[in-house]
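Biologist: I'm new to reading protein models, and I'd like to learn by asking about one. Could you walk me through it?

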Amino acid sequence: MAAAIRLARWHQGRTGSNPSVATLIVREIDGGPVIIGRGVTAIGGRPHAETQALAEAGEGARGATAFVTLEPCAHHGRTPPCAEALVTAGVARVVAACTDPDDRVSGRGYAILRAAGIEVCEGVLAEAAASDLAGYLARRTKNRPHVILKMAVSADGMIGAEGAGQVPITADIARRQVHSLRSVSDVIMIGSGTALADDPELTCRLPGLEGRSPIRLVLDRTLRLPVASKLARSARSVPLWLATSAQQDDPARAALASLGAEFLAAECHDGRLALPELMEDIAARGASTVLVEGGAVLATSLLDEDLVDRLILFTGAVTVGERGVDAPFALARLPDGFVPVRTMQYGPDRMDEFERQR
Ligand code: AOF
Ligand code: ZN
């Protein structure tokens, strides 16, 4: 199952609204287990993992064990259900990690297998598999995406400097980690304050992964984003969503639309965009993972609304000093309810990852 979980990571972030899951078909040959078929959900979401693993295993699947990171589907989509494909192939045993919360599946996949006399073992390494499937599971069970809040804090507890544009807080290795994180996220979110102050591009620029930039989403209640910004100018090549309460006839809207920006109509409460409703809208559009990259106001609002599932905190070696903008949290003052899961050192910078305890 650990090998299946690793295989599923191959297409993480590239299967659209479908989760990237994997199947391994294993049988005993000369007294030891041998993998005779491998499948991972295809780029775009179809075909499913099982179909491909069974095709590779061929006749060898008869009497074999299938390891699946997600319950095999039970619904008729563009192809027949994977549970039925496993039955037809004659596998003897299915070992599964997570149950699929999709209304069309949710236990029905296991039921099809058991009704055909297949031995089913559920919940194997379920926690590890669920961690990779966090986006998909959040969208299905909470109608919102999995939200990762990333923040880089200087040694003196700052996230930037007043009026200084982008202030480098972490070095190159940490920056590459962030680009790698972008490549497996569906959406990158920032507030309009950060968009104006930093003029960021928010793309994935790692060699070989340039085509893997997520949708860029700016929370821009009154459409302040300049048409000359890097975000607006690149909206034709990398999707740009603007969450706004600006009216249909707002002139800024026409100008940004002509550059390729799309608009998410957002509700407003007390002069602020309603974040829970916005998250629901994002999930309804099929996006499962949101990476939040700034700034302090947005981070604080998301934490206040309890919409953050994971914190990724980079602590840089540099100091910002005068005119520094205080970080909303730092290693010494973390928000409540988060538990540490990982610490890494990237060159001069430290990374700490925390998970919201639910
Ligand atoms: C599987 N194997 O590899 C994946 C599954 O739009 P469709 O027909 O592709 O169905 C999408 C659903 O399929 C999705 O919500 C989830 O329940 C399941 N994903 N199932 O048997 C796979 N990716
Ligand atoms: Zn399927």
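Biologist: Let me start with one residue: is Asp 270 buried or exposed?

Modeller: First, remember that this is a predicted model. To judge burial, you count the other C-beta atoms within 10 Å: 20 or more means buried, and 12 or fewer means exposed. Asp 270 has 5 such atoms, so it is exposed. Asp 270 sits in the loop between strand E12 (268-269) and strand E13 (272-273). Its phi is positive, about 50°, although it is not a glycine.

Biologist: How confident is the predictor here, going by the average pLDDT of the chain?

Modeller: The chain averages 95, and 100% of the residues score at least 70. For the model there are two further scores, an ipTM of 0.95 and a pTM of 0.92.

Biologist: Where do the two cysteines lie, Cys 73 and Cys 82?

Modeller: Cys 73 is in the loop between strand E3 (65-70) and H3, while Cys 82 belongs to helix H3 itself. Cys 73 is buried because 26 other C-beta atoms lie within 10 Å. Cys 82 has 31 C-beta neighbours inside 10 Å, so it counts as buried too.

Biologist: And which residues does Cys 82 touch, leaving out those up to four places away in sequence?

Modeller: Cys 82 touches His 48, Glu 50, Thr 51, Pro 72 and Cys 73. With the close sequence neighbours left aside again, the contacts of Cys 73 include His 48, Cys 82, Asp 100 and Gly 109.

Biologist: What about the ligand? How many residues surround ligand 1?

Modeller: For a ligand, you list the residues around it and then sort them by class. Here 18 residues surround ligand 1, and the closest are His 48, Ala 49, Cys 73, Gly 77 and Asp 102. By class, that shell has eight nonpolar, five polar and five charged residues.

Biologist: Now a helix. Which residues of helix H4 are buried?

Modeller: With a helix, you ask which residues are buried and then which way they point. In H4 (residues 108-115), the buried ones are Gly 109, Tyr 110, Ile 112 and Leu 113. They cover an arc of only 160° around the axis, which means they are on the same side of H4. What they pack against is helix H3 (82-89), strand E4 (93-98) and strand E5 (119-121). After H4 comes Gly 117, with a positive phi near 85°.

Biologist: What is the phi of Leu 202?

Modeller: It is near 60°, a positive value in a residue other than glycine.

Biologist: And Glu 293, is it buried or exposed?

Modeller: Glu 293 is buried, because 25 other C-beta atoms are within 10 Å. Glu 293 lies in the loop between strand E14 (289-292) and helix H12 (296-304). Not counting residues up to four places away in sequence, Glu 293 touches Lys 150, Ile 188, Ile 190 and Leu 202.

Biologist: Last one: where are the cis peptide bonds with omega near -5°?

Modeller: For this feature, you read the omega angle of the peptide bond. The bond from Arg 46 to Pro 47 is cis, with omega near -5°, and Pro 47 is in the loop between strand E2 (32-40) and helix H2 (49-57). The bond from Gly 294 to Gly 295 is also cis, with omega near -5°, and Gly 295 lies in the loop between E14 and H12.

Terms used. Residues numbered from 1 in each chain as written. Chains lettered and ligands numbered in written order. Predicted model: local features only at pLDDT ≥ 70, side-chain atom pairs only at ≥ 80, totals over all residues. Helix = DSSP H or I, 4+ residues; strand = E, 2+ residues; numbered from the N terminus. Arc of directions from axis to C-beta. Contact = placed C-beta atoms within 7 Å. Near = placed C-beta within 6 Å. Nonpolar A, V, L, I, M, F, W, Y, C, P; charged D, E, K, R; others polar. pLDDT = per-residue confidence, 0-100.
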